[in-house]
Structures are given as C-alpha cells and as structure tokens.
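Q: I'm new to this one. Can you walk me through the fold?
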Amino acid sequence: YMNHISVNDELIEFKQKLKALGINILKFEKIGNGNMAAFQFDYTHESDEEVKRFFFWRHDLDNAYAKFEAKFGK
C-alpha cells in the first residue's frame with residue numbers, strides 16, 4: 001500500500017508540526033538530490049533566540065520530528 005503524497009506535502013506537514021512545538025524556521029533548503037534528498041534548516045525556538053541548524057534525510061522525516069518532539073514537546 002503506497003501513500004502518494006508529495007515531498008512538498010510531507011515537508012509542509014513537517015514544518016506545521018514543528019511550528020506547533022514553538023519552532024520558527026528561518027531558512028529551509030534542500031541539499032542533495034534524487035533518492036538521497038537531504039534538507040537543512042536554520043531555526044529558533046520560542047524558549048531562546050539562538051539560531052540553530054538541523055540536517056535530516058527525507059526518508060528519516062519521522063525520526064527528525066521525534067527528536068524535536070522529545071526536546072520541545074509538552
């Protein structure tokens with residue numbers, strides 16, 4: 001069973017979920033190409049204004065979110 005949602009849809013959902021955790025994405029970019037799509041983004045969290053950078057592989061989106069949820073989840 002394949003769930004056909006686009007990478008763009010996945011990323012929009014990912015960004016919305018991060019925003020709900022208080023994360024403000026400043027710059028989001030794709031690095032790499034094809035099946036090995038990777039992304040990075042600069043962000044701040046509402047609890048502190050320090051800008052941090054996060055890198056993740058597209059296939060690892062759930063784990064990427066889990067890291068933020070573990071750190072910033074209520």
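Q: Which residue stands opposite glutamine 40 in β3?
A: Phenylalanine 55 does. This is a predicted model, where local features need pLDDT of at least 70, side-chain atom pairs count only at pLDDT 80 or more, and totals for chains, interfaces and linings use all residues. Residues are numbered from 1 along each chain as its sequence is written, and side-chain values use heavy atoms, with hydrogens and water left out.

Q: How many bridges pair β2 and β3?
A: Seven, in the antiparallel sense. β2 covers residues 38–45. Two strands pair if DSSP finds at least two bridges between them. Strands (E, at least two residues) and helices (H or I, at least four) are DSSP runs, numbered from the N terminus.

Q: What is the strand order in the sheet?
A: β1-β2-β3, in an open sheet with antiparallel pairing.

Q: Why is one side of β1 and of β3 left without a neighbour in the sheet?
A: β1 (23–31) and β3 (48–57) stand at the edges, so each has a single partner strand. The twist averages 15° from one strand to the next. Axes here are lines fitted to C-alpha atoms, for helices over the stretch in contact, and angles run from 0 to 180 degrees between N-to-C directions.

Q: Now the helices. Where does α1 lie?
A: Helix α1, residues 7–20, lies across β1, β2 and β3. It runs at about 155° to β1.

Q: And what about α2, which strands does it lie across?
A: α2 (residues 61–72) lies across β1, β2 and β3, at about 155° to β3.

Q: At what angle do α1 and α2 pack?
A: About 10°, with their axes 11 Å apart. The two helices are therefore roughly parallel to each other, a label for angles under 35 degrees.

Q: Which residues make that contact?
A: From α1, Glu10, Leu11, Phe14, Lys17 and Leu18; from α2, Leu61, Ala64, Tyr65 and Phe68. Contact means heavy atoms within 4.5 Å.

Q: Where is methionine 36 found?
A: In the loop between β1 and β2.

Q: How exposed is methionine 36?
A: Partly exposed, with a relative accessible area of 48%. Partly exposed lies between buried (under 20%) and exposed (over 50%), using a 1.4 Å probe and protein chains only.

Q: How far apart in space are methionine 36 and phenylalanine 68?
A: 22 Å, C-alpha to C-alpha, and 32 residues apart in sequence.

Q: Last one: where is aspartate 9?
A: In helix α1. Aspartate 9 is partly exposed, at 40% relative accessibility.

Methods
Parallel < 35°, antiparallel > 145°, perpendicular 65-115°, else oblique.
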